[in-house]
Amino acid sequence: MKHLIPQFDLMRRRYPDEATSSLVLPCLHAIQRDRGFVADSDIAELTDYLGVPRIQIEEVLAHYTQFRRAPIGRWHLQTCRNLSCSMRGAEGLLGHLSEKLGIAPGQTTPDGRFTLSTVECLGSCGTAPVVMVNDTYHESMSPMRLDALIGELK
Ligand code: FES
């Protein structure tokens, strides 16, 4: 994480001294963009850098589901399981993905290509069911559309 300190310093200049704790979120985003997940050592170093209690960083990581605490596959498939998506077949999509990839939610395929997760509302209820692949939304999904999508992900 140390190589990110210049980037953190730039962000820090935009915040008043009394708002240092507000830097936790953007710093965690920068760490995850850099490594793909937030390691325990990152939390310790960020605690030292910002001078905030470790629990404050842990709470942010626990609250926002987009933060990852361990390496994941090249393609992160996140299936929304909230109300609108559930009513339009999200459970079936999740089961289809699980069966096709041979993994349960929270797992990564042995070849490291795919990680499957469930998430709460992705904010695109009007086009449910939604599956997010890395940073891209795939809306109005069906098992057939998922099969085509998986086939394109190398
Ligand atoms: S319930 Fe799935 S996007 Fe809102």
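User: What order do the elements of the protein chain run in, from the N terminus on?

Analyst: They go α-α-α-α-β-α-α-β-β-β-α. That's seven helices and four strands, and keep in mind that this is a predicted model.

User: Why is Asn 134 called exposed?

Analyst: Count its neighbours: Asn 134 has 12 C-beta neighbours inside 10 Å. The cut-off for exposed is 12 or fewer, so Asn 134 counts as exposed. You'll find Asn 134 in the loop between β3 and β4 (136-138).

User: And what makes Ser 140 exposed?

Analyst: Ser 140 has 12 other C-beta atoms within 10 Å, and exposed means 12 or fewer, so Ser 140 gets that label too. Ser 140 belongs to the loop between β4 and α7 (143-152).

User: What is phi like in Asn 134, and what is phi like in Ser 140?

Analyst: Phi of Asn 134 is near 50°, which is positive, and Asn 134 isn't a glycine. Ser 140, also not a glycine, has a positive phi near 50° as well.

User: Which peptide bond is cis, and what is its omega?

Analyst: The one joining Ala 128 and Pro 129, where omega is about -5°. Pro 129 sits in the loop between β2 (114-119) and β3 (131-133).

User: How much of the protein chain counts as buried?

Analyst: 18% of its 154 residues. Buried takes 20 or more other C-beta atoms within 10 Å.

Terms used. Residues numbered from 1 in each chain as written. Predicted model: local features only at pLDDT ≥ 70, side-chain atom pairs only at ≥ 80, totals over all residues. Helix = DSSP H or I, 4+ residues; strand = E, 2+ residues; numbered from the N terminus.
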